[in-house]
Amino acid sequence: MFFPKKLKFYGLRDIDSIPQLQRLSDEQKFEIKVVAHILPFRVNNYVIEELIDWNNIPDDPMFQLTFMQKEMLTEDQFSTMADAFKHGYSKEKIQRIIDNIRSELNPHPAGQMTLNVPRINDEPIPGVQHKYKETILIFPSSGQTCHSYCTFCFRWAQFVGTNDLKFATDESKRFQDYIKNQKDVTDVLLTGGDPMIMSARNLASYIEPLLEPEFEHIQNIRIGTKSISYWPYKYLTDKDADETLELFEKVGNAGKHLAIMAHFNHWKELSTEAVHEAIRRIKNTGTQIRTQSPLIKHINDDPDVWAKMWKDQVKLGCIPYYFFIERNTGAEEYFEVPLYRAYEIYKEAYEKVSGLSRTVRGPSMSALPGKVAIDGITEINSEKVFVLSLLQARNPEWVKKPFFARFDENATWLSELRPAFGEDKFFYQDELNRLLAEGDGQMFFSNADEMLINESLNADD
Ligand SMILES: *Cc1c(COP(=O)(O)O)cnc(C)c1O
Ligand code: SF4
């Protein structure tokens, strides 16, 4: 049984009024507040009441996922901020310290937010990213927040109100003209933040036009969301729950596939009656739920957690899809796992599940050339190497071609890897450089129509 719930958000100012938090020491609460001045903090009543195990604080993965920890800042950053409060600095002075630390953590230094943004008549189209041939990403302007905030999230800069860092569609919906003319594109992926924070009506204004004849080439509409985990009532008892489900049904009735790309980090998120019922209702509309998660230290860096999560997902009728390696999380060092360990965790979890869960691809890094997977660790000519390949690539011809990097126990990202066998670059490097150099104007794919893509990086690089 689940009972209707009314959404209640808790932010920085409400930390003292969260009843469950009162079992923490004053010191612990102070630490949360200090860090929550830097990283965006938001949690809701469902997460507090049903997902967090308050008898296992601070180690509980759902607590780590939503509540700040002292170690998410460097010692320096933390003590600067803590001292500012202890000494009762002026608001302005505290704000300057906040801005400083944020700029140290900022995953989107100037310019990056406009990367991969296509253009029409040389005008960038806000809220669109087009990196891979078949799929366009849309960031709806009213979907750039979430039902709770994940402590590791690389999109945090979007939530802290620094306006120039926001990246979202404008009112004109010019992106629709762009999609209309991109006949190679089959998939439109609404992302955020969380698009499911939008009202059903607002969401319909993004989805319904795509069901019209001029968008015939769009076969799949995807929605990237953590709402099933953080707020299943969106599909149960919210005012627009039924309207939302009817909208989902419309997509199937128009002959297209609606795919929910659901973000779950831990099996705990799949354990409530509310989430079971939400999944059941969504699936009843003909919508398919695929799941994805990054690997995050303190939350899911354990093969048993992944194996159980995938099994539970399959049992509930969801399809495991991506296992990501995360970067640019802001609190990077706190959450990062070395690449070799990411591979071990993925492999050990994969060993424990049946083929129905082995649809999950990874461990994958969304990097400059594309999505790079670690396929293995082996020895070739007595050199220990990572076996890599691209799952998605700027040039589709790069996909599935094995390549090799020197083994490195400490590496946590592609940029730290060096080619194996004494080679000086990876196979795609020259062409990538060429594509990026052309990037300010136009980008061409060797076997695709011309695509207008600006610059080089993806928001999740
Ligand atoms: C991951 C990703 C996609 C979708 O890739 P699929 O493998 O088709 O799921 C599209 N665009 C960007 C920028 C991505 O990072
Ligand atoms: S990971 Fe997703 S749900 Fe979590 S804060 Fe970031 S955008 Fe929101």
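This note sets out points on a predicted model, arranged by region.

1. As to disulfides, the count for the model is zero, the criterion being a pair of cysteine sulfur atoms within 2.5 Å.

2. Lys131. This lysine belongs to strand β5, which covers residues 128-132. Is Lys131 buried or exposed? With a relative accessible area of 4%, Lys131 falls under the 20% cut-off and so is buried. What does the side chain of Lys131 reach? At 2.8 Å from the side chain of Lys131 is the backbone oxygen of Ala367.

3. The nonpolar cores. The largest nonpolar core comprises 122 residues, and Phe67, Ile228, Phe248 and Leu414 have the most contacts inside it. Helix α13, residues 339-351, supplies the largest share of this core, namely six residues. As general background, nonpolar side chains in soluble globular proteins tend to be buried together.

4. Ile228 within the largest core. Ile228 is one of the residues with the most contacts inside the largest core. When neighbours within four places in sequence are set aside, the contacts of Ile228 are Tyr235, Ile260, Ala262, Phe264, Val275, Ile279, Ile282 and Ile289.

5. Phe63. Helix α3, residues 61-66, contains Phe63. The relative accessibility of Phe63 is 1%, so this residue counts as buried under the 20% cut-off. Not counting residues up to four places away in sequence, Phe63 touches Leu21, Leu24, Ile32, Ile52, Trp54, Ile57, Pro58 and Gln69.

6. Phe63 and Thr151. How many residues apart in sequence are Phe63 and Thr151? The separation is 88 residues along the sequence, while the C-alpha to C-alpha distance between Phe63 and Thr151 is 9.5 Å.

Technical notes
Residues numbered from 1 in each chain as written. Chains lettered and ligands numbered in written order. Predicted model: local features only at pLDDT ≥ 70, side-chain atom pairs only at ≥ 80, totals over all residues. Heavy atoms only, no water. Helix = DSSP H or I, 4+ residues; strand = E, 2+ residues; numbered from the N terminus. Buried < 20%, exposed > 50% of the residue type's maximum accessible area, 1.4 Å probe, protein only. Polar contact = N/O pair within 3.5 Å; in protein donor to acceptor, adjacent residues only side chain to side chain. Core = buried A, V, L, I, M, F, W, Y, C linked by side-chain atoms within 4.5 Å. Contact = heavy atoms within 4.5 Å.
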